[in-house]
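Biologist: I would like to learn how to read a protein model. Could you take me through one?

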Amino acid sequence: MRPDWKESFLKLMDGTSVVVDEPMNKHTTFRIGGDADVFVRLNTIEELKDVLHFCHEEDVPFFLLGKGSNLLVGDKGIRGVVATFAEGLSDISFREDLMIAEAGATLAAAANAALQKGFTGLEFAAGIPGSIGGAIRMNAGAYGGEMSHIVEWVRVLAPDGEIKTLSKEEMEFGYRRSVLVRIPYIVLAAGLRLSPGDEKSIRITMMELGKKRKEKQPLEYPSAGSTFKRPEGNFAGKLITEAGLSGLRVGDAVVSPKHNGFIVNEGIATAEDVLTLIETVRKRVYEHSGILLEPEVIFVGE
Ligand SMILES: Cc1cc2nc3c(=O)[nH]c(=O)nc-3n(C[C@H](O)[C@H](O)[C@H](O)COP(=O)(O)OP(=O)(O)OC[C@H]3O[C@@H](n4cnc5c(N)ncnc54)[C@H](O)[C@@H]3O)c2cc1C
């Protein structure tokens, strides 16, 4: 990584939206995270390929950000290039009841587009604050639905630079995981198979699920959703409650009393605060129940 790599990068990306030393707390739902060396919004696959080529040639780290809703970014930020997909890579279209959603589209936009067309299948996703790319990577799900139930294919940019279309089977979906944990594919778009439904009942389901979320989840505070994965045959929130940890605090990072499965940022929590709280919760839940909770939130940066 040459010391003047940022200047070369700015020259390369002339005309696109590049910001140097961009605070990541502006781009994460936790509202936590130091500066990314360089932050770039991409509108075409060509731009993405140029950035990847640059990072490869110059030995600069690359991180692809979705909507930052499952991330804890370190207080010292992220070295190298952080890229995210802008409007040019966020299109949603239909071929009959197959939705073709580009990776930068939000789940909310996708769920609303399905509603407008009277297609059922995406109601579960309306309240998940992520992008299609992030949701495929995580196999995001809620209320009995998950991405793997509707994915027919996923178009990816493979590490060798080839654009490939992977079948649902090749995606190796599991609980909050996909083949992307193993192979660093970049999701470009997904074909989501929906089915014709009744617009009114789709709308009602979406509203009911939204209401449930508001009642149960601390949406009034920044967070990254469920902090921990659901342990087999149990619930992280329940184990945390039983260990007596509701309301436990490190700085402004708090085990939400409303939903013990969420760590929230009640003000100016740092990543360090959240990490310390996560480790304390894991230790005390383990001591109480013998179950070691695994974080669902992904740590990035320094
Ligand atoms: C209030 C709240 C409620 C939530 N509720 C739920 C829920 O009900 N169910 C659920 O599953 N999750 C939930 N989440 C977590 C989160 O919204 C999901 O995990 C979501 O899918 C993450 O998408 P994202 O675009 O924000 O990804 P990010 O958080 O930006 O990134 C997550 C990972 O995906 C990778 N990634 C992003 N885009 C791409 C791409 N195009 N190609 C390859 N990799 C990519 C990133 O590099 C990173 O490794 C919730 C979060 C919050 C804050």
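Biologist: Is glycine 244 buried or exposed, and why?

Modeller: Exposure is judged by counting neighbours: a residue is buried if 20 or more other C-beta atoms lie within 10 Å of its own, exposed if 12 or fewer, and partly exposed in between, with C-beta atoms placed from the backbone. Glycine 244 counts as exposed because it has 10 C-beta neighbours inside 10 Å. Keep in mind that this is a predicted model, where local features need pLDDT of at least 70, side-chain atom pairs count only at pLDDT 80 or more, and totals for chains, interfaces and linings use all residues. Residues are numbered from 1 along each chain as its sequence is written.

Biologist: Where is glycine 244 found?

Modeller: Helices (H or I, at least four residues) and strands (E, at least two) are DSSP runs, numbered from the N terminus. Glycine 244 sits in the loop between helix H7 (236-242) and S16. Its C-alpha atom is separated by 36 Å from that of arginine 182, 62 residues apart along the chain.

Biologist: What is the order of the strands in the open sheet of 4 strands?

Modeller: Two strands pair if DSSP finds at least two bridges between them. Here the order is S15-S18-S17-S16, with antiparallel pairing. S15 and strand S16 (249-250) are the edge strands, each pairing on one side only. Strand S17 (residues 253-255) and strand S18 (residues 262-265) are joined over 3 bridges in the antiparallel sense, and valine 255 stands opposite isoleucine 263 in S18.

Biologist: Which helix packs on the sheet?

Modeller: Contact means that two C-beta atoms, placed from the backbone, lie within 7 Å. For angles, axes are lines fitted to C-alpha atoms, for helices over the stretch in contact, and the angles run from 0 to 180 degrees between N-to-C directions. Helix H8 (residues 271-289) packs on the sheet and touches S16, S17 and S18. The direction of H8 makes about 30 degrees with that of S17.

Biologist: Which residues around the ligand come nearest?

Modeller: A residue is near a molecule if its C-beta atom, placed from the backbone, lies within 6 Å of it. There are 31 residues around the ligand, and Gly66, Gly130, Gly133, Gly134 and Gly225 come nearest. H4 gives the largest share of this shell, 5 residues. Several elements each supply at least two residues of the shell, including helix H4 (132-138) and strand S15 (223-226).
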